[in-house]
Amino acid sequence: MNYLELVNEILKNRKRDCLTLASSPLTTPTIDQMKAVDAYWPSAHSDVDLMVRLASAAYEVAELKGIKVPFELTVEAEAFGSELNMGKMGRNPYVTKPAFESMDQIDFSDEIFERGRFHIVFDALKKLSEKYGDFLPIYPQIVGPYTLLGHLIGAEKMLRLTLKEKEKVGETLLLLADFNIEYAKRVMESGGNILCIADPTASGDLISPVSFRDLLLPAYKKISSSVDFPVILHICGNTTRFLDYIRDSGFDAFSFDSMVEVKTAKEKLAGKLALVGNVPTIEGLLNGTPEKVREYSMKALNDGIDILCGACAIPPQAPLDNIKAMVRAAEEYNEKYCR
Ligand SMILES: [Zn+2]
């Protein structure tokens, strides 16, 4: 069984039999990898060949069993008309001016896919798929509806309106879910084989379980019922109180942060979603030692993680040896327990 087959099997069964692997549907590039393949941020966000080279470094340099593009969350917002700062080598691009004043102005047609950097993502996926697509997971990552709404009208305004204009927010999220579905189909046709939806703002640190249930869950269900490929949902922060609803999202796997107990997630999501995560990114991958990362990894696997990866995007300053320690831990686990 190759790495892609293994991940597909885990997602299909919503759990692993025993074998695991370290594979990241979340952002992978680090400064070490940029140097190793001579492809740097911010240029690699806007150039097909640099994007392909840097994405490949996840496998070629860091030895993770998967490839993820794009590296950041502003591709959609830019095409809608939001203004960006493209960041720098160790910092992601971010929205400086949201595209719209109000939710009423949000609209799109298929023409949107001609704009911004969508074509870079599509072309990079095509090239990555030609080289790796028959044996490695290739994870296109799209931005989930709530985070996208924040990029389009401003995150603070969105959080305010989530309480004050709940119904309108719900309607707008369903509209953005339609956009997500259309974009998801296009990245998958371009060469992706497992979709990742990142919705960092839909975090338990920012919204209530009731808002999550009433606003996010319908949008997620709409997406999951409209696509026929495997989907991993990633949400940042503490989502413990959302697990009962995520259970009904219809997605194949949940990638979650280190403040969520693996055992709790296992209990709540068993049989419904496979578990992806949740090696701490700051205390582990960034500031830990390889031995510390190994410990975190083994604990996560013993507690029931199905696919090992960081709790969130790998910090660009994380040492290569720490990422490799996660890869080695998955191999060690397989050796020890899966013979
Ligand atoms: Zn995250």
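Let's start at Met103. In this predicted model, Met103 sits in the loop between strand E3, residues 94-97, and helix H5. Buried or exposed? Met103 has 20 C-beta neighbours inside 10 Å, so Met103 counts as buried. Leave aside residues up to four places away in sequence. Met103 then touches Ile153, Lys168 and Thr172. For scale, take Arg241. Met103 and Arg241 are 138 residues apart in sequence, and their C-alpha atoms are 28 Å apart in space.

Thr172 takes us to the helices. Thr172 belongs to the contact between H6 and H8. Helix H6 covers residues 145-153, and helix H8 covers residues 166-190. Their axes come within 9 Å and cross at roughly 105°. H6 is therefore roughly perpendicular to H8. Who makes the contact? From H6, we have Pro145, Tyr146, Leu148 and Leu149. From H8, we have Thr172, Leu173, Leu176, Ala177 and Asn180. By type, that contact has seven nonpolar residues, two polar and no charged.

H8 has another partner, H5. Helix H5 runs over residues 118-132. The axes of H5 and H8 come within 8 Å, with a crossing of roughly 35°. Val121, Phe122, Leu125 and Lys126 contribute from H5. Arg186, Val187 and Ser190 contribute from H8.

Look at strand E4, residues 138-143. Six of the six residues in E4 are buried, so the strand is largely enclosed by the rest of the structure. Both faces are covered. One side carries Ile138, Pro140 and Ile142, and the other carries Tyr139, Gln141 and Val143; all are buried.

Which strands pair with E4? On one hand, E1: three bridges join E1 to E4, and the two run parallel. There, Ile67 has Ile138 of E4 as its bridge partner. On the other hand, strand E5, residues 195-198: three bridges join E4 to E5, again parallel. In that pair, Gln141 is bridged to Cys196 of E5.

Further along the sheet, take E7 and E8. Strand E7 is residues 253-256, strand E8 is residues 274-279, and they pair in the parallel sense over four bridges. One of the partner pairs is Ser255 with Val276 of E8.

Last, the whole chain. How many helices and strands are there? The chain has 14 helices and nine strands. Its C-alpha atoms fill a box of roughly 55 × 45 × 35 Å along the principal axes. A compact globule of 339 residues would have a radius of gyration near 20 Å; this chain has 19 Å, which agrees. Buried residues make up 53% of the 339. And the contacts? Count those between residues at least 6 apart in sequence: 73% of them join residues at least 24 apart.

Definitions and conventions:
Residues are numbered from 1 along each chain as its sequence is written. This is a predicted model: local features need pLDDT of at least 70, side-chain atom pairs count only at pLDDT 80 or more; totals for chains, interfaces and linings use all residues. Two strands pair if DSSP finds at least two bridges between them. Axes are lines fitted to C-alpha atoms, for helices over the stretch in contact, and angles run from 0 to 180 degrees between N-to-C directions. Angles under 35 degrees count as roughly parallel, over 145 as roughly antiparallel, 65 to 115 as roughly perpendicular and the rest as oblique. Two residues are in contact if their C-beta atoms, placed from the backbone, lie within 7 Å. Ala, Val, Leu, Ile, Met, Phe, Trp, Tyr, Cys and Pro count as nonpolar, Asp, Glu, Lys and Arg as charged, and the others, Gly among them, as polar. A residue is buried if 20 or more other C-beta atoms lie within 10 Å of its own, exposed if 12 or fewer, and partly exposed in between; C-beta atoms are placed from the backbone. The radius of gyration is taken over C-alpha atoms; the globule rule is 2.2 Å times the number of residues to the power 0.38.
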